[in-house]
Structures are given as C-alpha cells and as structure tokens.
Amino acid sequence: MSILFRIAVPADDTLAPLAVITARQLAALRRILRAEGDRIGTALIEPDDIIGDSFEVRVCPLALATVTAIFDHDPAVISVVEEAQFRARRVCVHHCANSAEITMRVALTSDSGLELDLAYGNAYALLEALGVDAESVGEIALSQLRERIADPATSRRAMRFGVEQYLPRLKRLADSADGTDDARLAWA
C-alpha cells in the first residue's frame with residue numbers, strides 16, 4: 001500500500017463533470033492517445049502496460065477538438081476534457097464492473113505527474129521529517145509546507161529518517177501550484 005502526496009485546490013471539493021462513454025469510444029481514445037503519444041514522444045496513458053478498471057490519460061498536450069472528436073463532441077466529454085486542461089490535470093477513466101458503465105472525470109493527479117506515491121514507511125518518515133502528524137490522510141497549507149522545507153531542521157530530520165531525496169520532489173510539487181493561494185498539499 002502507498003500514500004499519494006498531491007496538490008489539492010478548492011475545485012477538488014466540488015462536484016466535477018462526469019461523462020459516460022462506450023467501449024468503442026474508449027478503444028478509439030486509446031488508439032488516438034497511443035498514436036499521439038508516439039508522435040510527440042511521451043506516454044499519454046498511465047499505466048499503459050496493464051490497463052485495469054481504472055486508469056488515467058493525459059489530455060493537456062492535445063487539442064480539445066482532437067480528443068472530443070472521438071466522442072462526436074459530446075458536451076459531457078467536452079466538459080471533462082476542458083476542465084482537465086484548464087486545471088492541468090489528467091482524466092480518469094473508470095469501468096464499473098457492476099453496472100458495466102465506463103465513465104470519465106477529471107483526475108486528482110496533475111498532467112505532469114509530479115505527485116509522490118510513497119510506501120507507508122517512507123510516507124510516514126517524510127511526514128515526521130516535515131514535523132507533521134504521521135497520519136495516513138491529511139493536508140497542510142502550501143505556505144506552511146514551503147516554510148518547513150526551507151527549515152534546515154527539516155533537512156536534518158529527513159536525512160535521519162532516510163527520506164531526504166523526497167524533499168526536492170516535494171518542493172517541485174509545491175512550486176507547481178504557484179499562483180494558487182488556496183492550494184494545499186494533501187495526502188491519502
């Protein structure tokens with residue numbers, strides 16, 4: 001099991017757009033994403049090797065019309081893709097085995113994939129190094145996070161716990177939210 005550290009914004013707490021798609025549309029989306037990914041030299045489906053019931057796709061590097069044309073420019077799909085591109089997020093595709101419904105929604109992860117997905121031991125050690133209660137779910141304001149990362153005592157604690165390599169990645173994650181005053185680091 002692991003804990004995902006990500007940037008959370010107030011928009012994450014609102015009801016995000018959702019689109020229902022067909023299996024044929026999903027297959028067409030996967031073909032387009034693979035072709036476009038090969039063309040631009042980056043993977044647009046995460047993970048691409050084993051696609052289960054839920055996976056994420058990158059839509060930010062592509063034009064809105066390129067993605068939505070697959071779905072005959074369905075307004076619900078346009079809503080999801082546009083929101084994902086506006087917020088620089090991925091799109092989550094989920095297949096519900098019980099209802100056989102395939103849905104798309106804005107993912108909680110960034111398009112650039114800066115999030116940290118750490119095993120419990122490393123996650124708890126990183127939280128302790130930051131001086132935060134080692135709980136499996138929580139959040140901290142980015143201003144507080146930046147202060148703690150800049151504090152030399154945090155670096156010393158991180159070295160003592162063997163997680164110093166995660167501090168620059170955590171700083172880069174926090175920097176990705178520049179210009180967003182109410183953003184916070186969340187983990188779960």
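**View 1. Helices α4 and α6 run roughly antiparallel to each other in this predicted model.** Helix α4 covers residues 120–129, and helix α6 covers residues 152–161. They pack at an angle of about 155°. Angles over 145 degrees count as roughly antiparallel, so the α4 and α6 pair falls in that class. Their axes lie 8 Å apart. The crossing of α4 and α6 is right-handed.

**View 2. Residues at the contact of α4 with α6.** From α4 come A125, E128 and A129. They meet T154, R157, A158 and F161 of α6. By class, this contact has four nonpolar residues, one polar and two charged.

**View 3. Helices α5 and α7 pack at an angle of about 150°.** Helix α5 spans residues 142–150, while helix α7 spans residues 166–175. Their axes are 10 Å apart. With the cut-off at over 145 degrees, α5 and α7 are therefore roughly antiparallel to each other. The crossing of α5 and α7 is left-handed.

**View 4. Residues at the contact of α5 with α7.** On the α5 side, the contact is made by L142, L145, R146 and I149. On the α7 side, L170, K171, A174 and D175 take part. Sorted by class, the contact of α5 with α7 has five nonpolar and three charged residues.

**View 5. The largest pocket of the model holds about 270 Å³ of space.** Rolling a probe the size of a water molecule over the atoms shows where empty space is left. The lining of the largest pocket is made of 15 residues. Nearest the pocket centre lie I7, R87, R89, S176 and A177.

**View 6. Classes of residue in the lining of the largest pocket.** Seven of the lining residues are nonpolar. Four are polar, and four are charged.

Methods. Residues are numbered from 1 along each chain as its sequence is written. This is a predicted model: local features need pLDDT of at least 70, side-chain atom pairs count only at pLDDT 80 or more; totals for chains, interfaces and linings use all residues. Side-chain values use heavy atoms; hydrogens and water are left out. On a 1 Å grid over the protein atoms alone, a cavity is a set of points where a 1.4 Å probe fits but cannot get out, and a pocket is an open set with protein on both sides within 12 Å along at least five of seven lines; lining residues have an atom within 4 Å of a point. Grid points are joined across faces, edges and corners, and a volume is the space filled by probe spheres set on the points. Ala, Val, Leu, Ile, Met, Phe, Trp, Tyr, Cys and Pro count as nonpolar, Asp, Glu, Lys and Arg as charged, and the others, Gly among them, as polar. Axes are lines fitted to C-alpha atoms, for helices over the stretch in contact, and angles run from 0 to 180 degrees between N-to-C directions. Helices (H or I, at least four residues) and strands (E, at least two) are DSSP runs, numbered from the N terminus. Angles under 35 degrees count as roughly parallel, over 145 as roughly antiparallel, 65 to 115 as roughly perpendicular and the rest as oblique. A crossing is left-handed if the near helix is turned anticlockwise from the far one by less than a right angle, and right-handed if clockwise. Contact means heavy atoms within 4.5 Å.
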